[in-house]
Amino acid sequence: MYYAGLFWLPCLVTIAVILLSLLMLKKRGSRSATTATAGNSTSAASAAAADASSAPAPSSGYDSDSDSGGEYEVFLSFRGNDTRHGFTDFLYSDLVDDRIRTFRDDDELRVGEVIGPELLKAIKESKISVPIFSKGYASSKWCLRELAQMVECRTTMGQMILPIFYDVEPSDVRHQTGSYEEAFRLHEKHFDEKTVQGWKEALREVGQLKGWELKKETKG
């Protein structure tokens with residue numbers, strides 16, 4: 001999906017609606033699976049059909065409080081300097097307005113050298129992770145650690161990852177070119193080869209996923 005024109009403003013509602021719809025589908029699927037385990041196949045089919053027919057449309061609101069899952073449903077990973085006071089802030093507000101429990105991390109507030117238990121818990125319990133790739137994303141070791149954890153959750157738990165490419169080419173993310181190449185030149189001086197390779201593999205994997213490409217207009 002590609003958006004230009006007014007840059008990222010036109011896509012905010014679209015992203016929120018798609019996330020909302022996916023969460024509703026996941027919730028309905030979880031309910032159906034639980035019912036199928038508890039009863040026989042006939043009663044399970046009837047319950048699933050009744051649940052599907054009575055499920056509210058996205059426009060009628062999403063009752064996140066009735067979900068028995070973790071504390072958060074969507075995890076946002078972003079480079080604070082690039083998007084915190086603009087796109088990410090608006091996206092977070094839209095998701096919260098739609099009653100989607102959203103964790104908004106800020107890489108600049110992190111301390112220490114390992115992902116803390118609260119952050120790890122937020123990533124693991126979220127149904128959808130949304131990395132917002134910007135030009136400075138790869139320069140943050142915290143963003144890269146979060147991304148590696150998202151990929152692990154995708155592999156072991158089937159977690160969904162929906163990337164947003166904010167004024168950066170998906171190919172730069174996949175192949176670590178452009179500003180991502182510059183960032184890794186520095187990382188290779190401060191981190192061991194295994195850690196750096198793990199981050200690169202995570203970028204390659206997520207960089208191949210379908211998401212949203214948001215590009216600034218060029219003047220001239």
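Is Phe191 buried, partly exposed or exposed? At 22% relative accessibility, Phe191 counts as partly exposed. Here buried means under 20% relative accessible area, exposed means over 50%, and partly exposed lies in between (1.4 Å probe, protein chains only).

The model is predicted: local features need pLDDT of at least 70, side-chain atom pairs count only at pLDDT 80 or more, and totals for chains, interfaces and linings use all residues. Residues are numbered from 1 along each chain as its sequence is written, and side-chain values use heavy atoms, with hydrogens and water left out.

The structure holds six aromatic pairs. Rings of Phe, Tyr and Trp (its six-membered ring) pair if their centres lie within 6.5 Å; planes under 30 degrees apart count as stacked, over 60 as edge-to-face and the rest as tilted. Phe75 and Phe103 form a stacked pair, with 5.2 Å from centre to centre and 10 degrees between the planes. Phe75 belongs to strand β2 (residues 74-78) and Phe103 to strand β3, so this pair ties together parts that are 28 residues apart in sequence. Helices (H or I, at least four residues) and strands (E, at least two) are DSSP runs, numbered from the N terminus. Phe75 is buried, at 0% relative accessibility. Phe103 is also buried, with a relative accessible area of 7%. The ring pair of Phe191 and Trp199 is edge-to-face, because the centres are 5.0 Å apart and the planes stand at 65 degrees. Trp199 is buried, with a relative accessible area of 4%, whereas Phe191 is partly exposed. Ring pairs also link Tyr72, Phe75 and Phe103 into a cluster.

Trp199 also takes part in a helix contact. Two packed helices are described by the angle between their axes and the distance between the axes. Helix α6 (residues 141-157) and helix α9 (residues 193-207) pack at an angle of about 65 degrees, and their axes are 9 Å apart. Axes are lines fitted to C-alpha atoms, for helices over the stretch in contact, and angles run from 0 to 180 degrees between N-to-C directions. The crossing of α6 past α9 is left-handed. A crossing is left-handed if the near helix is turned anticlockwise from the far one by less than a right angle, and right-handed if clockwise. On the α6 side, the contact is made by Lys141, Leu144, Arg145, Leu147, Ala148, Val151, Arg154 and Thr155. On the α9 side, Trp199, Ala202, Leu203, Glu205 and Val206 contribute. Contact means heavy atoms within 4.5 Å. The residues of this contact divide into eight nonpolar, one polar and four charged. Ala, Val, Leu, Ile, Met, Phe, Trp, Tyr, Cys and Pro count as nonpolar, Asp, Glu, Lys and Arg as charged, and the others, Gly among them, as polar.

His187 lies in helix α8. His187 is buried, at 6% relative accessibility. Residues up to four places away in sequence aside, His187 touches Ala138, Ser139, Lys141, Leu144, Val196 and Trp199. His175 is placed in helix α7. His175 is exposed, with a relative accessible area of 53%. His175 and Leu203 are 28 residues apart in sequence and 7.9 Å apart in space, C-alpha to C-alpha.

Charged pairs complete the description. The structure holds six salt bridges. A salt bridge is a side-chain nitrogen of Lys or Arg within 4 Å of a carboxyl oxygen of Asp or Glu. Arg104 forms one with Asp89, and the closest N and O atoms are 2.9 Å apart. Arg104 lies in strand β3 (residues 102-104) and Asp89 in helix α4 (residues 87-97), so the pair ties together parts that are 15 residues apart in sequence. Arg104 is partly exposed, with a relative accessible area of 35%. Asp89 is partly exposed at 31%.

Lys215 bridges to Glu169, with the closest N and O atoms 2.7 Å apart. This pair links distant parts of the chain: Lys215 is in the segment after β7 (212-214), Glu169 is in the loop between β6 (164-166) and α7 (170-175), and the two are 46 residues apart. Lys215 is buried, with a relative accessible area of 16%. Glu169 is partly exposed at 37%.
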